[in-house]
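Hi,

Here is the structure I promised to pass on to you. Please have a look at it, and then read on for what turned up.

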Amino acid sequence: MNKIDHNYHISSEEKLPSKGEAARKALCPRCRTGQMFHGRMLQRGGNRMHKNCPNCNLRYEREPGYFYVSMFVSYAFSVAELVTACLAIYILTGIDDNFWLYMAIVAIVIVLTAPFNYRYSRVVLMHWLTPNMRFVPELARKKKGES
């Protein structure tokens, strides 16, 4: 046996995460084991991406400029969040003609949701919008002793 066989194993009782759970946890779309980001979303430096998956070595940036597409996903997230926030303010207050109220809400929502939008626009791009990005169960290995 080679060294990889000694350090990794897949037991029959291990349950691999579903595609939705892997996306929610920002796991690699190919192995659903390796973390895509260095840390937690709101942690300093936590939204810094790994270049490759720590488990299966998938290169995340498929080609130069690959993540520019995630800007469109982030834009869609932002529009949905802003429409929801402005509708909520209108329903709660009944005020529809106060420009500065809505500008303040827009600014607050954009700042508060930026870490979420950055991270999950890339996750959505990799999990659902990239052709030929498939889950490979054979690569879903965990180090012995990990939970």
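Phe-116 has a relative accessibility of 36%, so it counts as partly exposed; that class lies between buried, under 20% relative accessible area, and exposed, over 50%, with a 1.4 Å probe and protein chains only. Tyr-120, by contrast, is buried at 16%. Both residues lie in helix 4 (residues 99–128), four residues apart, which is about one turn of the helix. Helices here are DSSP runs of H or I with at least four residues, numbered from the N terminus.

A word on the ground rules: this is a predicted model, where local features need pLDDT of at least 70 and side-chain atom pairs count only at pLDDT 80 or more, while totals for chains, interfaces and linings use all residues. Residues are numbered from 1 along each chain as its sequence is written, and side-chain values use heavy atoms, leaving out hydrogens and water.

Now the rings. Rings of Phe, Tyr and Trp (its six-membered ring) pair if their centres lie within 6.5 Å; planes under 30 degrees apart are stacked, over 60 edge-to-face, and the rest tilted. The count comes to four aromatic pairs. Phe-99 and Trp-100 make an edge-to-face pair, 5.0 Å centre to centre with 80° between the planes. Phe-99 is exposed at 52% relative accessibility, and Trp-100 is exposed at 65%. The rings of Phe-116 and Tyr-120 are 5.1 Å apart at their centres with planes at 35°, so that pair is tilted. Ring pairs also link Phe-77, Phe-116 and Tyr-120 into a cluster.

Arg-32 has its charged end over Phe-135, 4.0 Å from the ring centre, and Arg-122 lies over the face of Phe-67 at 4.2 Å.

What about disulfides, that is, pairs of cysteine sulfur atoms within 2.5 Å? The structure holds zero. The closest cysteine sulfur to that of Cys-31 is in Cys-53, 3.6 Å away and too far for a bond. Cys-31 is buried, at 0%.

Finally, confidence: pLDDT is the predictor's own score for each residue, from 0 to 100. The mean is 85, and 86% of residues reach 70 or more. Helix 3 (residues 70–93) is highest at a mean of 96, and helix 1 (residues 3–7) lowest at 39. Where pLDDT is low, the predicted coordinates should not be read in detail.

Best wishes

Notes
Helix = DSSP H or I, 4+ residues; strand = E, 2+ residues; numbered from the N terminus. Lys NZ or Arg CZ within 6 Å of the ring centre and 35° of its normal. Disulfide = S-S within 2.5 Å.
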